[in-house]
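Welcome! Open your viewer, get your selection tool ready, and follow along stop by stop.

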Amino acid sequence: MARNESTIVALVRDRPGVLNRISSMFRRRNFNIVSLAVGQSETAGMSRMAFVVNGDDATVEQVIKQLRKLIDVADVHPITERAMISRELALIRVNSNATNRGEIQQIVDIYRANIVDVAPDSLIVEVTGDEDTVQSLKDLLSSFGITEMIRTGRVAMVRGMARNHEQRPLPGPM
Amino acid sequence: MMLTGGQIVCESLIQEGVEVIFGIPGGAILPLYQDLPDYPQLRHILMRHEQGAAHAADGYARATGRVGVAFGTSGPGATNLVTGIATAQMDSVPTVFITGQVARDAIGKDAFQETDVTGITLPITKHNYLVMNASEIAETIKEAFYVANTGRPGPVLVDIPKDVFVERCEFEYPDEVNLPNYHPPTGADPEMVRKAARLIQEAKKPLILAGHGIIISRAYAELMELAEKAQIPVITTLLGISSFPETHPLSVGMPGMHGMAHASLAIEEADLLIGLGMRFDDRITGDTRYFAPKAKVIHVEVDPSEIHKNVRATAPLVGDLKHVLEQLLPMVHPKSHEEWVQRIAELKIEHPLMRPKVTGELRPQHILQALSDATKGEALIVTGVGQHQMWAAQHYTFTKQNSWITSGGLGAMGFEVPAALGAQVGRPDATVWSVAGDGGFQMTMSELATLVENRIPVKFALFNNGFLGMVRQWQDIFYDKSYVSTYYTGNPDFVKLAHAYGIHGARVETQDEVVPAIKEAMAYPGPAIVDFRIAQEENVYPMIPAGGTIDQLMEEPV
């Protein structure tokens, strides 16, 4: 993971425009989002978002406080690398033919990735892992020619044994 | 009971205690307007421009501490509100804006007078809503008022499609809001309060920086007690003016770009800054790396995101200012700080507010001193933005709580006319003087008609130098006197303009005429304009250039 990147997880009300409110705040305050993943949470009517942001400690502190100011945002906390389980999923379309399909299969197996679609001149690889895993598989596959790739961005959770002391408080309840 | 959406809006506003609405009707909001006659408790003031409606609601809110309300129609009505909404956001003014929207099935079709006003106002509101069903209006308005007027106040916009105003549904006003994620802070962390008390106890050269928060949370008495108990001199920020009487021996004045030199120098020497309900704006700090180099900082703020944003706090206290000061005061020990208070008295003598040259020309500083004397420092002063604003901040001696209303953060010229209107509506018994520049005045002077129509007796002190004066000053100092596009050659005769509106107008060209003209305007029972033809190239001093440091302080050239 590159330095100066921080992971922040937020629970937000699932309302029209909520993503817009959040992305608008990031843009307006000149915060730099590396990735953003969003989906349903365990609570009905609430979504959970995971942000990876780029910036120094003061910037990350501001990001968290500005997120907390939004009326639709319920809970925001940073996750430190040490206490974090993080994953990203990628689909990668790679050029391939009958002669190199086996070679690709071997690489895919090492990464515990899957080939999920095969066509005469290409195949789609699905990989799940932390960003470094996804990145290094992508680098290896690029020698075959990658024609398309989509990545979800990081989703993250605090490890069970680290939960109590990792959700560090910031000044103020709001 | 079954009501239409428009009726529900009116009923909800009455439930919230609204008495006055500033606005302009139009197609999309017309169904709401047609319901207004059934609710005579709601006084509607028809403005001439929606920017005026927004600033008037803002002025009303600042003058009364209650939520200001403005209506506008869809499209241009809503976009015209934008400057006023942004002003309220920057200065934390509790306001609710209700806009009409095109009918639900027309949304997204680029219909006539359609704009995405919730999208446009997203970054300049505390929160906003698009209400798609009449059944959601009551709870939305309840929420809007609650959000606008709690925590750090701000503007909330509620956009309602035309057909929702006519949709019928059961009306019941909710008793409470359902906002599980919104918790305005009250008291601060007791441990941090103890730390702050310790810092105050240890300080040799403490300074209070009193901001808008004092006025918003009505913490005047607590500020006074803190200052007097521990003998701590009080600086007031631009929006903190009138939170502490300027006749008090501990009053130091305003710091920063055009603040008093002695106030800026006191910050330089202080060993403790106590920021109360303020946000260390760049106009105060200049280059933050060199700001208050010797000082530890206690920062009391209701908005946690202001803590450590511009200036690192030694003791951050997040909470409602009045509440936090009530926590802090019992822990503060009486002190005298004689040497420090004496040092500040010396700084005031060494660096006086400029003594304007006595020449044949009319000096703006003299006018403000005369206005201050004539009103005993008790008028409600409303200003626009620029030189006249800074002169008023410097030279009027404010003695009364919450008697200064100005566009601080956004710096919106044109604020002076409609905000004064709104302030006078909120405080009908006050003497309201709008201190205006000829530039800003001409941006919103169409609201003179609104003043006349509604018999709102605002007095205008027009500081007329025929220039966009502050911009000209920057051209003078930073651009070698190259006065590009700042000189007006076609200004109207403002006395004739007053007469055209059927109000009092007078021109003042010499110092001798100043006091009689002020008295004559105040004696007149309606709105009045005094056109002061001031020295055209007068500059505002002191001045610290933008992003600069105290070393670049320019005092009045001799």
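What percentage of the 558 residues of chain B count as buried? The figure is 56%, where buried is the label for a residue with 20 or more other C-beta atoms within 10 Å of its own, the C-beta atoms being placed from the backbone.

A word on what you are viewing: this is a predicted model, in which local features need pLDDT of at least 70, side-chain atom pairs count only at pLDDT 80 or more, and totals for chains, interfaces and linings use all residues. Residues are numbered from 1 along each chain as its sequence is written, while chains are lettered from A and ligands numbered from 1 in the order in which they are written.

**Stop 1: chain B as a whole**

Select chain B and colour it by secondary structure. You will find 22 helices and 20 strands; these are DSSP runs, with helices being H or I of at least four residues and strands E of at least two, numbered from the N terminus. Chain B has a radius of gyration of 24 Å, which agrees with the value near 24 Å for a compact globule of 558 residues, because the rule is 2.2 Å times the number of residues to the power 0.38, with the radius taken over C-alpha atoms.

**Stop 2: a covered helix**

Now select residues 387–395 of chain B, which form helix α16. Nine of its nine residues are buried, among them B:H388, B:M390 and B:W391. Show the surroundings too: the buried residues of α16(B) pack against α15 (364–374), β15 (380–383), β17 (432–437), β18 (459–464) and α20 (469–478) of chain B.

**Stop 3: where the chains meet**

Next, display both chains. The contact takes 20 residues from chain B and 21 residues from chain A, with two residues in contact if their C-beta atoms, placed from the backbone, lie within 7 Å. On the side of chain B that touches chain A there are 12 nonpolar, seven polar and one charged residues. Here Ala, Val, Leu, Ile, Met, Phe, Trp, Tyr, Cys and Pro count as nonpolar, Asp, Glu, Lys and Arg as charged, and the others, Gly among them, as polar.

**Stop 4: the two domains of chain A**

Finally, colour 5–79 of chain A as domain 1 and 86–155 as domain 2; such bounds come from an automatic or database domain assignment. The C-alpha centres of these two domains of chain A lie 29 Å apart. Six residues of domain 1 of chain A are in contact with five residues of domain 2 of chain A.

How values were computed: A residue is buried if 20 or more other C-beta atoms lie within 10 Å of its own, exposed if 12 or fewer, and partly exposed in between; C-beta atoms are placed from the backbone.
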